[in-house]
Structures are given as C-alpha cells and as structure tokens.
Amino acid sequence: MTVTEKNSFEKPRYPIFSIVSIVLVIFLIIRFAFTDSPVNVILLVLITFLVFMFVSLIFKRHRFVELVQVFYVLALGIFLKFYSIQMPSGNDVFWGGQEAAKYLLNGTNIYNATYYVYNNPVWAGVPFKVYTYLPGTTIFEALFYSIFADIRYAIMFADTGIAILLYLIIRKKNEDYGRAAMSFYLLAMALTFVAPSRVFDTRISDGLTDPIWCVMLLSAIYLSMKNQKLAAAIFVGYALATKQFAILFFIPIAILWLKKDVNFKRDYRSIVISVGVATAIILPFFLWSPSNFVNGTMTSLPSQGIAISLGQPQWNMSIPAQMTFFGINIGVRITHIIQIAVIGGLLVALRNKITNIFSATLVFVVIYTIFLSFNNFTQYFYWLSIIPYILIAFSHSFTDYVKKDDNHS
C-alpha cells in the first residue's frame, strides 16, 4: 500500500463525539418514525445530519467542518427542546409552576395559594394547595414567564446551559470528551419519553424543574475551575434556594472549602456567602407564611408513604419502593435512617479524598445516588439529574485514576 493510499482516510479527530452523535441521531430517527405528530422537518434534519457526519469522516480534517458538526448538534438539541415546549401538558408540575410564576409576579404568596391542573381529566376541577418547590425555582421561572408566558422556556434555557457547561468543564480534560458529553446530553435528553408513541424531553414539555438547580451547580463547578470563588459560592447559594437536593452538593464542597489551601487558610467566606444567598432568597417567603412554607417544602413529600406505582410509568424508582412489589415494606422511618447512616458514613470515609472541585463532585455523585436509591419518593426523572455529574466525574476523576495506574504499571 502506498503512502497516498494510507493517508486517503484520516482518523477522525473527535471519534467519541462522532460515535455518540451518530448513534443517538439514529435512535432519534427510529423513535420519530413512530410519532403521530408532523415531524418531517425534524426527520429531514436528522437524516441530513447523519449523511453529513459520515461523509465528513472520510475527508481530510478541516476545522470549519468540525465546528459545523458541533454547532449542528447544539442547534438540533435546542430545536428538539423548542419542539417539546409546543406540546400540551397535563402535568401538575407544569401547571403548578405556571400558576406560581403568575402569583409571584402579582405579589401573591405562592405557598398560600390554590392551584389547578388543566388538560388532565384526573385533575379536572381538583384544587391543590401544597407548593413543594423552593422560591429560587419560581423566581427563575417567573423571569421567563414574564417574557414568554410559559415557564418551560426557563427549563429550556437551563437545560441548554447544562449541555454547554458540560462542554466547557470537560474540554479542559479532553476536547473530544467535552464535545461528546454535550452531544450526549442534548440528544439523549430528547429520548426521555413517557409514552411509547411520543418523543420529547419530558422535563421540558412537562416543566420539570430539575435543570434549574443543576445548571446552578454546574455553573459553580465551572467557576471553581476558574478560581472564581465568590461567584461560585453565589451560584451554590442560589441552588440551595432552588432545590432541597442541592444540600447534598453543598456538604462536599463545604468540606473542600474548610480545608486549608496553599496559604494555610480555610475558605470560610464561600460558606458564609452560600448560606447568606440561600437565606436571603428563602427567608422572606418563610416569614410570609411559616406553616405553609414548611408544609410545602419540608414535610409534604418526605412524609409520603412508600409504594410502587405500576403501569406507565412507575413513578417511584427507589429500592424501598421496588421492594414493596415483593411485599416487603421497610417503612419511611427506616428508609430515612438508612439514608442518613449510609451518607454520613460515606462522608466520614471520603472526607480526606475531597481535594478539589472534581473529587467533591465525585463524592456528590456517590451520596446523591445513595439518597435517591433509599428515598421514600424518588420520581423516575430524578435520575436524569445525576447524568451531568457522572459525565464530569468519569471524564476528570476516573481518567486521572487510569493514568496513575498506567504510570505504576
């Protein structure tokens, strides 16, 4: 074989990104083939992208083509999210958030208001008065509601921000990993369907709020990488005022801040700022109606009984809930004890392993997994929120471990 023949097909510069994008686009094509909605434009874009990706692989590497691939995936992911917003929703989370944003803009106490769910015969005419989301969520959604009259644009913005932040964070370790992570998140999230005949991002279409606190924490991770401690602490504080689960991230990063740096100083300021920001956002709503606030955000969900819900979908996806299917019910109190004991033990065991923002993220992944596994009410879509942190942990922490092993061998 001549030198010319050897060089006629060059290795792709970003093979993982290419493989992830191509495989997920094929999955999307297959899923959209079984929808009743007019998605011919989407199918045309998907098939064209598939052809473009394969054709570009056989030609000489070119920076412009590689940039087109990335922006094509980004545009496709945003378009699929926009498509999800156009779909009607009968979800209580969407209508609760929609009404809460309206109440907030009108100066009404969101924790002492009445909510109704529309487009859902099960909820027809049935009011509910328990609002479970922390005020940071509603403040964020109200900003977009005031412009678009639909809180799902807030979720779309946050979810797109997650994908971009994944790229910015992971590219520091490896450009190919960063592009692949962004592509995976954008396209895989479009496959989070509920009903077999529909393809959409269930969090976007139903207004599920998890991307909001997730984008705040990823912003904090990125800013920590840039050594912007003040800004990172502000984002952590806002996350604490957005979702109760954010406390699971605050614990390992607080352990990191309390460790002495190269100048033998502890970063007490970041802890004070985070707690201060969270308090400044939460306290006015708490003082507005303490009993309603506590009932909605602290006691209503944790006190629910453990039960599996059969059918499509199974909402409670935790170990105790699945055990009830076999007639084993360990009870809410025992479940909480297991959570606290295992997470507390892991934090004690791993506290010395927390040396940077990426090891803190890895510890967060571990304790968040334990928390969801032994929760009395783990809705299935909660597991989607752990994906970005897994991608970061694998690309940074685990890659370093592999390198160390290679050096020893």
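A salt bridge is a side-chain nitrogen of Lys or Arg within 4 Å of a carboxyl oxygen of Asp or Glu. With that in hand, here are some close-ups of this predicted model.

**View 1. Arginine 13 and glutamate 66 form a salt bridge.** The N to O distance is 3.4 Å. Arginine 13 sits in the loop between α1 (3–6) and α2 (15–32), while glutamate 66 belongs to helix α4 (residues 63–85), so the bridge ties together parts 53 residues apart in sequence. Arginine 13 is partly exposed at 43% relative accessibility, whereas glutamate 66 is buried at 7%. By the rule above, the count for the model comes to eight salt bridges.

**View 2. Lys81, Asp159 and Arg203 are linked in a salt-bridge network.** Here the side chains of aspartate 159 and arginine 203 meet at 3.0 Å, N to O. Aspartate 159 comes from helix α7 (residues 152–170) and arginine 203 from helix α9 (residues 202–205), so this pair joins parts 44 residues apart in sequence. Aspartate 159 is buried, with 0% relative accessibility, and arginine 203 is buried too, at 1%.

**View 3. Glutamate 175 and arginine 179 pair up within helix α8.** Their salt bridge spans 2.8 Å, N to O. The two residues are four apart, about one turn of the helix (residues 175–189). Both glutamate 175 and arginine 179 are buried.

**View 4. Tryptophan 213 meets tyrosine 368.** The ring centres lie 5.8 Å apart and the planes stand at 85°, so this aromatic pair is edge-to-face. Tryptophan 213 in helix α10 (residues 210–225) and tyrosine 368 in helix α17 are 155 residues apart, and the pair links these distant parts of the chain. Tryptophan 213 is buried at 0% relative accessibility, and tyrosine 368 is likewise buried at 0%.

**View 5. Phenylalanine 381 and tyrosine 382 form an edge-to-face pair.** Their rings are 5.3 Å apart, centre to centre, with 90° between the planes. Phenylalanine 381 is buried at 3% relative accessible area, and tyrosine 382 is buried at 5%. The whole structure holds 29 aromatic pairs.

**View 6. Phe32 and Leu218 touch the most other members of the largest nonpolar core.** This core counts 125 residues. Helix α17 (residues 357–373) supplies the largest share, 12 residues.

Conventions. Residues numbered from 1 in each chain as written. Predicted model: local features only at pLDDT ≥ 70, side-chain atom pairs only at ≥ 80, totals over all residues. Heavy atoms only, no water. Core = buried A, V, L, I, M, F, W, Y, C linked by side-chain atoms within 4.5 Å. Buried < 20%, exposed > 50% of the residue type's maximum accessible area, 1.4 Å probe, protein only. Phe/Tyr/Trp six-rings, centres within 6.5 Å; stacked < 30°, edge-to-face > 60°.
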